[in-house]
Amino acid sequence: MTKPFDFVEMKLPAKSEYVGVLRLTISGVANRMGFSYEEIEDLKVAVSEAITNAVKHAYFEDDQGEVTIGFALYEDKLEVMVADYGDSFDLEKVKEDIGPYEQGMPIDNLKEGGFGLFLIDALMDKVEINNNHGVIVVMTKYLQENEVGQNDDQISTTQ
Amino acid sequence: MNLHIEDFKEGQVTVLKLAGEIDAYTAPQLKEKLLGLLREENADVQVDLEKVNYMDSTGLGVFISGLKTANEVNSSFTLVNLQENVYRLFNITGLNDVMKIENTIRGGM
């Protein structure tokens, strides 16, 4: 614990109808912190991808559960946590599957749902995935004024 | 937070005009519509994204399955009038190499 932060938490039904509601919330939070228009667009996509994953898990398991989303607003960065308590997935396998399209790759190899985690990683400065009980994705985006951590672009895992 | 879908013929071309947001909630209806149009042999579909102000990977998924369907029955589609933030996703994922994309509006891509 170094700096104080404000924390906002919300719970949403694990249904796709609510992905747009989360986008409105992240826009509001990011706007309040002073993120640029482009950064807010990036945050909207990244956070939507995370909750879409959570909603899909719930759907396949026929679970009308909830997804918990936490926003930690620091002076220099925003941390967004998305947690669902469905079954964990095989993280190593997921990591093998992510990546951009490369020229010459047969189109048949492209997966319809294959770009979610890749986009989160591309649009956020730092992504951590905790896969112990359900799945928790923690995504960080730094405010541009503060260059510290800008190159901290990585996916790390805690198993 | 909805997607409005409209389609009409302009000569040989079928125009699919979209307005709103493409996400996990709206992607299934778009997929059904697009694949339906592309299943017609030799169909030429123009997907107008001018009024789409938000899209995520669920939208990319729809267009990937569109591509697969189009290849099967020898039809084709072109994405036109993309907003900058929407085009960006095709660019980041490299999908702009496989999709036909025209007239990006707003800003120098």
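Please keep in mind that the model is predicted.

I will start with the fold of chain B. Chain B has three helices and five strands. Going along the sequence, they come in the pattern β-β-α-β-α-β-α-β. The radius of gyration is 13 Å, close to the 13 Å that the globule rule gives for 109 residues, so chain B is as compact as a globular protein of that length. Along the principal axes, the C-alpha atoms of chain B fill a box of roughly 35 × 30 × 25 Å. As for burial, 43% of the 109 residues of chain B count as buried. Now take the contacts in chain B between residues at least 6 apart in sequence: 68% of them join residues at least 24 apart.

Next, the contact between the chains. Chain B contributes 24 residues and chain A contributes 25 residues. On the chain B side, α2 (57-73) and α3 (84-93) each supply at least two residues. Which of the elements gives the most to that side? It is α2(B), with nine residues. By residue type, the side of chain B that touches chain A has eleven nonpolar, eight polar and five charged residues.

Last, the glycine. G36(B) sits in helix α1, residues 27-38 of chain B. Is G36(B) buried or exposed? G36(B) is exposed, because there are 12 other C-beta atoms within 10 Å, and a residue counts as exposed at 12 or fewer. Between the C-alpha atoms of G36(B) and T69(B) there are 9.4 Å, with the two residues 33 apart along the chain.

That is what I have for today.

Terms used
Residues numbered from 1 in each chain as written. Chains lettered and ligands numbered in written order. Predicted model: local features only at pLDDT ≥ 70, side-chain atom pairs only at ≥ 80, totals over all residues. Contact = placed C-beta atoms within 7 Å. Helix = DSSP H or I, 4+ residues; strand = E, 2+ residues; numbered from the N terminus. Nonpolar A, V, L, I, M, F, W, Y, C, P; charged D, E, K, R; others polar. Buried ≥ 20, exposed ≤ 12 C-beta atoms within 10 Å, placed from the backbone. Rg over C-alpha atoms; globule rule 2.2 N^0.38 Å.
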